[in-house]
Structures are given as C-alpha cells and as structure tokens.
Amino acid sequence: MIKLNPQQENAVNHLDGPLLILAGAGSGKTRVIVNRIVHLIRHHNIPPRHILAVTFTNKAANEMKERINAMLGFPAGLTIGTFHSICARLLRRECKHVGLIESFTIIDDSEQIVRIKRAITAAGFNAANMIPRAVLDSVSRAKNAFMSPDDYNENAGFNIFQKQVAKIYAQYEKDLAADYSLDFDDLLIKTVNLLKDSPEITSRYQDRFRYIMVDEYQDTNSAQYQFVQLLADRYRNIMVVGDDDQSIYRWRGAEIANILNFSKDFPGARIIKLEQNYRSSQAILSAASALMKKNSKRMEKKLWTDRKGGDKPTIARVLDERAEARYIIREIKRMKGEEGRSFIDFAVFYRINAQSRVFEEEMLSAQLPHKVMGNVGFFKRKEIKDLLAYIRLILNPFDSGACRRIINVPKRGIGRTTVQRLEEYAESLNKDLFSAIEMIEETDILQGFKQERVSGFKLIIQNLIRISRSENLTKFFKKLLELTEYPEMYESQDTPESVVSLEIIQEFENMVADYQERIGGDIKEFADYLSLHDSQSESGVSGNESVDRDYVSLLTLHNAKGLEFPVVFVSGLEEGMCPYYRDKEEMKLQELEEERRLLYVGMTRAKERLYLCAGNERRLHGKIRHSRPSRFIREIPEEMLDVQNMTVAAVSTVGQQQIPPFTDVPAVSISHPTSSADFKPGERVRHHKLGNGTVIRCDGTGPSTKITISFDRAGKRKLMLGVCRLIKLN
DNA sequence: ATTAGCGTGCTTTTT
DNA sequence: GCACGCTAAT
C-alpha cells in the first residue's frame with residue numbers, strides 16, 4: 001500500500017475539533033476516513049462505540065465498514081450507516097417519544113406517489129388535473145423546510161396550486177400518521193425534531209457519538225445538516241469530507257452552502273485540502289479542471305497528479321446517436337484488441353436514461369457484453385412490492401396502505417366495493433383498515449359470503465403475524481408464500497410474463513436466504529434493509545448477467561459518482577442534452593453550473609482515456625433534432641483536446657464491416673409487427689435477459705406470435721414475439 | 001372486472 | 001417512441 005501523502009496524514013492524525021476535508025476527485029478520501037477511524041481506535045484508544053460515520057449510500061457504508069474491520073483485524077463495532085438507516089434505528093429506539101410504534105413502516109417513493117394520489121382525491125380534488133409527482137415534490141420541499149401544512153397554506157398566499165398542495169399535504173400527513181408510516185424525508189425530519197425538542201435525548205446521543213464523520217458533505221440537505229449540527233454541538237469533534245465541485249444533487253434539496261459555510265458554522269475549523277489525484281492522467285485532469293474553472297462560487301483547488309502526460313481527451317464528432325454507439329463499440333473492440341483491455345475497463349456515461357436504449361441495442365447486435373448499471377428494476381416489480389406489502393402489514397398491522405395493496409392479491413373475492421365498505425367501517429370506528437377487518441364478524445355490513453372472504457384474509461395475516469414472532473426469516477417467508485398462495489397465481493397461468501414473475505419471486509427467496517446467511521434471521525431488520533435498499537448493490541439482478549463478470553458498464557452521469565474506469569466515454573455532449581435543458585432561456589445559472597459539475601464528475605472518472613462524443617443530430621422524444629456541440633466542449637481549451645470528426649467516416653467504414661448495418665439489426669418487437677417468418681426453428685437468437693438460445697418453434701403471425709426457444713442457460717421458454725425483443729444471431 | 005384504445009408528456013434519483 | 005394513465009366498452 002502507498003504511503004499517505006502529507007495532507008492525508010494530517011487529516012488522519014487530526015484528533016479533536018472541527019475539520020473540513022476538501023477532497024478533490026480521486027484524492028483518496030475514503031482512505032482518509034478509514035485510516036482516521038482506525039487511528040482513533042488504535043492510537044487514541046477511542047472506544048468504537050463513540051464513533052459515528054455517516055454516508056449517503058449503503059454501498060459506501062459497507063465498503064467503509066469492511067475496510068475498517070480488515071485493517072483492525074476484528075469487527076470494530078462503531079456506528080456506520082446512511083443518514084436514513086441511522087435515523088431509522090434511532091427513531092425505532094425512541095419511538096415512544098415521537099408518537100410512533102416501534103415497528104413503524106418505511107415507505108419508498110413509489111408508495112409516496114400512491115399516497116399522494118389518494119390524498120389528492122381525499123382532499124377533494126380531481127386526480128386527473130394534478131400531477132402527483134409535482135405535488136409530491138412540493139410537499140417534500142415543504143417538509144424539508146420544516147413547514148407544517150398550516151405554514152405552507154399561509155405561505156401560499158393567492159397561489160392556487162400551493163393552496164391545493166397545502167390541503168393535500170395535510171391529508172397526506174394525516175394518512176401516514178394513521179398508518180404509522182414514515183417516508184424517507186420523515187426519517188430525517190422526525191429525528192431532527194426529536195433532537196430539537198428533547199435536550200435529554202440529544203444529550204445522550206451527543207455523549208454517545210463523540211467523534212462524527214460525514215462523507216459527501218456537499219450533498220447534505222437541510223435536515224441532514226441540522227442532524228449533524230445537533231449531534232456535534234457538544235464535543236465539536238466533527239469531520240466532514242466533500243467536494244463542492246462534485247455537488248450534483250441540488251435539485252434534490254442538497255445545499256452546497258452547507259460545505260461552503262462549514263467554517264462559519266464551526267468557528268476555528270481546520271481545513272485540509274486533498275489535491276493530489278491518484279486516478280487520472282494529467283491530460284484528463286487538465287481538461288476537467290479547465291472546465292470547472294468556468295464555475296463561479298467554488299472553493300479554489302489545484303488538483304495535480306504525478307502521472308504526467310497521457311492521451312488528450314478525444315472529442316468525437318458523430319452523425320447521430322446510432323453512429324455514436326457504433327463508434328464507441330468500434331473503439332472498445334479496437335482497444336480491447338490492441339491494448340489487451342477487458343470489457344470491464346470501459347464505461348459509457350449518458351445524461352438521461354433514455355439514451356441507454358441505443359447502446360443496449362447496438363451492443364446486443366454487436367455481441368458486446370454490457371450491463372446497464374443502477375437499474376432499480378427489481379424493486380419496482382409488482383411482485384416485490386406485493387410481497388413487501390405483506391411483510392409490512394404483518395410487522396405493522398396499522399399500515400392500511402400495505403393492507404389495501406394486497407387485500408385482494410391474489411384474488412380472494414374481495415372487490416372494490418367490499419374494500420370500500422371496509423374503509424367506511426374503519427372510518428366510522430376511527431380505526432385502521434386491518435382493525436376493521438378483525439372486527440368484521442361483529443357487524444353485518446357485509447353479506448355472509450363476502451364476510452367469509454374477509455375473514456379468510458384476516459386469518460392468513462393473523463397466522464403470519466404469529467409465525468413472524470416465533471420463526472426466523474427464511475421459515476417465515478416460506479410460510480408467507482404458502483399461506484398467501486401468492487406464487488400459485490402465477491403458476492396457474494403459464495404465460496411468458498408469469499414465468500418471469502415466478503423468477504422474480506424465486507429471486508426474492510434467494511435474497512431472503514442470502515440475507516439470513518450473511519446478516520441474520522431478524523425479520524424486522526430485513527424489512528428495513530428492503531425499505532432502505534441499495535439500488536447499486538448487486539443483489540436483485542435477475543437473469544444470468546452476474547455470471548459474466550466481463551462487461552462494458554452503461555450508466556448515467558449521476559450514477560458514475562464515486563466510480564472509476566480506465567476508459568470512459570461520455571455520450572451526447574450536445575446543447576440541450578449536456579447541459580440538459582428544455583428551454584435554454586429558462587435555464588438558471590445555478591442549473592447550468594450543476595450541469596457543468598455533472599460533466600466534471602463524469603470526466604474525472606476516467607483513469608487513462610476519455611472520450612467526449614457529440615452528434616450532429618439526435619432523436620429525442622421521437623423527433624429528430626439538429627444539435628450543436630455542447631458549450632462545455634468549447635470551454636475546454638482546444639489544445640488540451642484531440643478533435644476527431646467521425647461524421648463521414650463512421651457511416652461508411654464502420655457501418656459495413658464488423659457491425660451489421662442498421663437495417664439488418666431489427667430490434668424486432670420495437671417498432672415493426674414481426675411475422676413468424678423472421679424466426680425459423682434452428683436459428684440462434686439472443687434475449688436481453690435470458691441470453692442466447694435456439695428457436696424451437698414459432699406459432700402464428702404478428703406481434704402475438706408465440707415463439708419457443710431453448711435457451712443455453714435458462715432452459716426452454718415460451719415467449720411472446722411482440723414483447724420480448726429478440727435479436728437474431730449468426 | 002378486465003382490456004383496448006387513445007392522449008399526454010417526458011431529467012438527473014445516493015435513501 | 002414509449003410508457004403510463006385514464007376512459008369507455010364488454
């Protein structure tokens with residue numbers, strides 16, 4: 001291992017008092033945090049229980065924990081976690097002080113949307129006229145500004161939308177409280193409110209966490225900021241690490257001012273700048289720094305590296321997005337051949353997710369192994385949400401949202417009208433939905449037949465509640481699947497979709513087993529793990545991709561933060577795409593600067609080679625638009641760049657040879673109705689999830705054609721041609 | 001209770 | 001260009 005540089009050393013040796021570490025890209029900040037924690041424990045005999053390390057992602061937290069434990073040689077027993085998981089744990093412990101039950105539910109953003117929609121209707125508005133997302137964003141902003149619905153209402157003045165939001169906000173909060181449910185914002189806000197209101201509790205935690213470390217401090221929002229301030233108030237042993245140049249979540253409430261004002265908040269704070277970059281070549285670093293100089297309001301940093309020289313970043317002018325993808329593919333293949341690189345050395349970044357499609361299609365047909373990173377697909381699946389709703393209801397029977405979701409899934413003959421009656425009954429009792437269900441036998445609001453159905457559901461849940469108290473996680477989950485008969489509803493179908501659903505359920509079961517093995521069999525902890533899940537982690541990816549370790553990574557610029565690759569391609573460097581805007585006139589300086597930081601983050605991920613691609617035209621929202629190169633390219637001095645014009649060459653030379661011309665690459669289902677004639681028995685095909693296979697038979701014509709394929713790894717499958725995106729192989 | 005047919009409206013998303 | 005959500009029809 002390399003020796004720490006003097007600045008890193010200073011940071012690691014710092015003992016007491018506030019410290020701000022301005023850690024430039026690739027300057028080894030995680031290393032500093034890890035080493036300092038180990039140093040505190042080993043050399044200053046600080047008991048690990050007095051140390052708190054806060055991160056933004058589970059991935060970062062786990063990585064840190066592992067590195068610390070490895071260095072110490074034993075599990076350190078300090079507190080490391082995300083803001084949200086730390087607050088959740090604190091709130092469960094202190095639940096009685098905040099009017100919660102210990103097993104309160106944590107809801108994710110998709111559930112938030114469901115709740116907002118309900119609140120819109122319940123508040124007396126027409127759901128069709130309001131965009132739930134917009135309402136939710138306003139509510140979230142209000143909450144994070146510690147504004148109550150009443151505050152918000154007064155503040156709204158004559159703004160009709162805001163007046164409406166105030167009512168919806170009130171309704172939303174009322175519903176959540178009734179369910180003992182907290183959204184992500186609540187985890188932070190309720191914790192801060194608890195600490196603000198209760199000096200004794202605050203004192204306890206201040207005394208517990210005497211050494212506090214916060215990673216990615218530039219991304220903290222106001223609640224996170226206050227949380228840190230409150231905890232650090234007594235001992236002032238607070239170290240924050242961050243880089244104002246890498247602040248890319250302003251639109252989510254992150255306040256760059258938190259890091260800029262650190263020395264004002266903690267007078268006498270020591271500032272250490274980590275400016276030596278261990279990642280990128282000088283050529284890449286110079287270009288990135290030149291770009292960043294165009295931003296105002298930043299803390300001056302002079303990143304440097306001793307890896308002099310290196311290839312200048314390539315500016316690749318291409319015809320359009322498809323030429324861009326092919327150019328990138330060609331370059332990857334060339335470098336793999338000429339320089340002996342692996343696919344895993346390459347990454348393609350894009351501004352918006354929609355851009356990934358062309359790369360997926362072209363890489364599929366070019367047979368280039370690739371993986372779209374940061375997909376939360378698994379947790380968005382209906383099956384996962386349903387099963388999680390069961391778990392939530394069982395752990396917290398007050399959770400009417402969860403109850404509503406699964407009361408008739410699978411179908412139990414409890415239809416809309418029956419649920420309506422139950423809701424009204426619950427309302428009249430001033431109780432939650434499941435309590436009403438438990439009392440249904442004492443009334444005659446339902447016909448005997450319907451009442452039996454509801455009682456059946458009640459018994460399932462009551463049984464599972466009992467089982468959850470006596471059995472461990474895997475046994476409980478097995479019983480859950482058995483008693484709810486959830487898998488049966490797909491087993492009885494045998495459609496391509498139902499096969500996928502069963503796979504998802506299987507994947508969930510694997511996850512349960514894996515969790516129990518790795519962490520333990522506590523059901524409540526598992527539920528938290530699911531609710532505060534990490535979309536970046538490997539688990540939950542269905543299919544066989546994980547078997548193949550060598551692939552090109554495809555990801556958004558946002559998802560690229562914290563990662564590094566030997567070769568990076570940044571795509572779509574065009575005005576409107578990067579910087580992204582709909583209306584150039586409406587874009588504010590702050591937004592432009594954040595877009596610039598976003599590109600800076602992308603550029604500084606590259607270790608050896610960097611490509612910035614710009615197309616002459618691009619298809620966006622179904623329309624082809626002529627595009628101009630991004631202003632960001634012009635902001636980098638031309639002598640720092642290697643400008644290549646591929647607008648002519650890309651089509652003629654690349655198109656024909658290695659990569660089949662576009663017309664021969666039907667991403668079949670996507671636009672044209674396909675006839676069975678396109679696929680004949682014996683032909684080799686590729687499916688994006690299931691891998692390669694051989695066509696066995698093909699029945700019918702048009703998009704509803706059923707095609708049977710024997711997959712090399714996934715076995716024999718029946719698929720609907722219209723929905724499965726098959727690619728012919730030769 | 002399901003489903004086809006249309007209309008709309010599009011960033012980024014650590015938790 | 002595609003997905004999602006609502007409406008209307010069975």
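**Chain A and its DNA**

Modeller: In chain A, residues 24 or more positions apart account for 74% of the contacts with a separation of 6 or more, where contact means heavy atoms within 4.5 Å. This is a predicted model, where local features need pLDDT of at least 70, side-chain atom pairs count only at pLDDT 80 or more, and totals for chains, interfaces and linings use all residues. Residues are numbered from 1 along each chain as its sequence is written, chains are lettered from A and ligands numbered from 1 in the order in which they are written, and side-chain values use heavy atoms, with hydrogens and water left out.

Biologist: OK, how many helices and strands does chain A have?

Modeller: There are 29 helices and 22 strands. Helices (H or I, at least four residues) and strands (E, at least two) are DSSP runs, numbered from the N terminus.

Biologist: In what order do the seven strands of the open sheet come?

Modeller: The order is E11-E12-E10-E13-E14-E9-E17, with parallel pairing; two strands pair if DSSP finds at least two bridges between them. E11 (370–372) and E17 (642–645) are the edge strands, each pairing on one side only. From one strand to the next, the twist averages 20 degrees.

Biologist: And how many bridges join E13 to E14?

Modeller: Five, between residues 565–570 of E13 and 606–615 of E14. Phe565 stands opposite Ala606 in E14. Helix H27 (residues 589–603) packs on the sheet, touching E10 (346–350), E13 and E14, and its direction makes about 135 degrees with that of E14. Axes here are lines fitted to C-alpha atoms, for helices over the stretch in contact, and angles run from 0 to 180 degrees between N-to-C directions.

Biologist: Switching topic: which residues touch the most other members in the largest nonpolar core?

Modeller: Ile391, Ile437, Phe457 and Phe508, out of 52 residues. Such a core is a set of buried Ala, Val, Leu, Ile, Met, Phe, Trp, Tyr and Cys residues joined through side-chain atoms within 4.5 Å. Buried means under 20% relative accessible area, exposed over 50%, partly exposed in between (1.4 Å probe, protein chains only). Helix H18 (residues 382–395) gives the most to this core, with nine residues.

Biologist: What does Ile391 touch?

Modeller: Not counting residues up to four places away in sequence, Ile391 touches Phe476, Leu480, Phe508, Phe526, Ala527 and Leu530. Another core, of 41 residues, lies apart from that one, and Val54 and Tyr217 are among its members.

Biologist: How far is a phosphate oxygen from the side chain of Thr556?

Modeller: An N or O atom in that side chain is 2.7 Å from a phosphate oxygen of DNA strand B. For Asp219, the side-chain N or O atom is 3.5 Å from a base oxygen.

Biologist: Where are the cis peptide bonds?

Modeller: One joins Val409 and Pro410, with omega about -5 degrees. Another joins Cys578 and Pro579, with omega about 10 degrees. Pro579 sits in the loop between E13 and H27. Most peptide bonds are trans.

Conventions: Polar contact = N/O pair within 3.5 Å; in protein donor to acceptor, adjacent residues only side chain to side chain.
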